[in-house]
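Here is a brief report on helix packing, aromatic pairs and backbone features. Please read it alongside the model.

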Amino acid sequence: LLSVARFGVLDREVVTDDERVYRFQAELLADGKAALPAPELAEFHTNVFVDTVGGRWLGQYPPGHPLVLAPFEAMGLADVVPVLLGVLGVLCAGLLFRMLAGTGVGGVGALLLAVSPLFVLTGATLLSHSTSFLAFTLSLYGAVRHVRHGRAWSALLCGAAWGLLFLARPYTAVTLGLVAPALLLTHALRFRSWKGVGLALLPAALSGIGFLAYNAAATGSAWTTGYDALRRSGAIEFGFGTIVAGYHDHTPLQGFKNAGILGLRYLFWIAGAPVLVLAGAWAFRDRKLRPSVRVAWACLAVGLVSYVPYWAIGVNDTGPVKMFELLLPGVFLVAVGLVRLGRERTEGWPAGLMVAGATAAAMVFWPPQVGHLRDIVRYVREPLDLVQNQVELPALVFVQNVQPPEGRCWVYGRPIPKPDLSDPILYVRDLGPRNLAFWRLHENRHPYRLEYRDNGFVVLPLRVMQR
């Protein structure tokens, strides 16, 4: 399903500007760099989540997910990464579920995850959630295995996976991601054995040092992240107060409202049919598994509440992406409930509910979501295909906008050029009279302007500039 979504539904296209930024940073890391010297007339390269700060050209994101993409980007295989991460995520989640609750829950949970609309459609993008999901899963697997068997390698795995989670999505690591370290710490306090905690701290600390080193290379300061550097106006990302002056003030009430919306959408997107989610109510009936069930519910609560200080619910086209990591505890609860239901009723109940849920999702949920994503792919490609068909290569395209004024998707920026600016079509900002100065740096390219008018996008040759 992930392959179908990546190469069929999305046709390898981006649905957010973030994906382009991750690839840009992956290209830099593949070349051993965190940032580049600012190009001449750098203001023409200011883009969504990419800018020049202090003489450095950089993207805003932490290095974890770009590091995963980097070797594949260097080989031209970045589009297979979502599928690989998805397969690993399902396998590792299945192993974790089996270790916690037995073979039945492991198999049912892995199957539910593999067909979850949120897992498939968000997982098919180049967003960082697939990396953080895998890291979160592995950190829990390592922690639980160490608690149960005391293996040194499992504590190291927990620390290394948590370190990757921190490098990919730091906020998730210090909220939801603290569950795995908490398990190790609780075990150490109970049995007066600190070996596991010490072993886990080693790779986690190395990740922290790597994070600071990356910041220093990218922004010039170990304590300044890409987020901080690009938000030079002092606008907050998390917290309560003015987000955009005169436009949006974030309050606790709005934060809890956002969390409620995310939670409600999560109930539909986890399986495409709420009938399956209802089976999670049976999870608490299994006394043997109640400690694991309580931890899963705690994960859901912490994950939801952690986004109360965040001012927006985020991208929604492939599902509530901020809830992606919460698929792990959510699917676990549903799988435990289904298996328990089969024991209390008849063995056919779980299979019947899964078939009913899958049928309902296939008839009602999947078609409109797939159609919506196909529309987004068309919206994103419309202006770029127009340029491709009308320009003479090599081309320089000054872009006024890539969407109509009302907006149709989450892609507002231009394609980000390769670090060496070697693209056959180089897209840059349209800065009006200043465009001539930029074109003089690239006189070998044919200049054009891309703009949106009442009847659609148009590509205008800038012949006056050439003369």
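## Helices α15 and α16

α15 passes α16 in a left-handed crossing. Left-handed means that the near helix is turned anticlockwise from the far one by less than a right angle. Helix α15 spans residues 290–305 and helix α16 residues 327–344; they pack at an angle of about 145°, with their axes 9 Å apart. Axes are lines fitted to C-alpha atoms, for helices over the stretch in contact, and angles run from 0 to 180 degrees between N-to-C directions. Helices (H or I, at least four residues) and strands (E, at least two) are DSSP runs, numbered from the N terminus.

On the α15 side, the contact is made by S292, V293, A296, W297, C299 and L300. α16 contributes P329, G330, F332, L333 and V336. Contact means heavy atoms within 4.5 Å. These residues divide into 9 nonpolar, 2 polar and no charged. Ala, Val, Leu, Ile, Met, Phe, Trp, Tyr, Cys and Pro count as nonpolar, Asp, Glu, Lys and Arg as charged, and the others, Gly among them, as polar.

## Basis of the model

This is a predicted model: local features need pLDDT of at least 70, side-chain atom pairs count only at pLDDT 80 or more, and totals for chains, interfaces and linings use all residues. Residues are numbered from 1 along each chain as its sequence is written, and side-chain values use heavy atoms, with hydrogens and water left out.

## Helices α4 and α7

Helix α4 (residues 81–101) packs against helix α7 (residues 129–149) at an angle of about 25°, with the axes 9 Å apart. That makes α4 roughly parallel to α7; the cut-off for this is an angle under 35 degrees. The crossing of α4 and α7 is left-handed.

Residues of α4 in the contact include L85, L88, G89 and C92. Among their counterparts in α7 are F133, L134, Y141 and R145. The contact of α4 with α7 divides into 14 nonpolar, 4 polar and 2 charged residues.

## Helix α3

In helix α3 (residues 64–74), G64, H65, P66, L69, A70 and E73 are buried. Buried means under 20% relative accessible area, exposed over 50%, partly exposed in between (1.4 Å probe, protein chains only). What covers these α3 residues includes α2, α4, α7 and α8 (152–168). G76 follows α3 and has a positive phi, near 75°.

## Aromatic pairs

The structure holds 17 aromatic pairs. Rings of Phe, Tyr and Trp (its six-membered ring) pair if their centres lie within 6.5 Å; planes under 30 degrees apart count as stacked, over 60 as edge-to-face and the rest as tilted. F24 and W57 form a tilted pair, 5.2 Å centre to centre, with 50° between the planes. This pair links distant parts of the chain: F24 in helix α2 (residues 17–30) and W57 in strand β3 (residues 56–59) are 33 residues apart. Both F24 and W57 are buried.

Y307 and Y310 pair edge-to-face, at 6.4 Å centre to centre and 80° between the planes. Y307 and Y310 are buried too. Y22, F49, Y61 and Y227 form one aromatic cluster.

## Backbone features

A cis peptide bond joins L393 and P394, with omega about -10°. P394 lies in the loop between α17 (348–390) and β6 (395–399).

D11 is not a glycine, yet has a positive phi of about 50°. D11 sits in the loop between α1 (2–9) and α2. D11 is partly exposed, at 29% relative accessible area. R192, also a residue other than glycine, has a positive phi near 55°. R192 is in the loop between α10 (179–191) and α11 (195–219). R192 counts as exposed, at 73% relative accessibility.

Key
Parallel < 35°, antiparallel > 145°, perpendicular 65-115°, else oblique.
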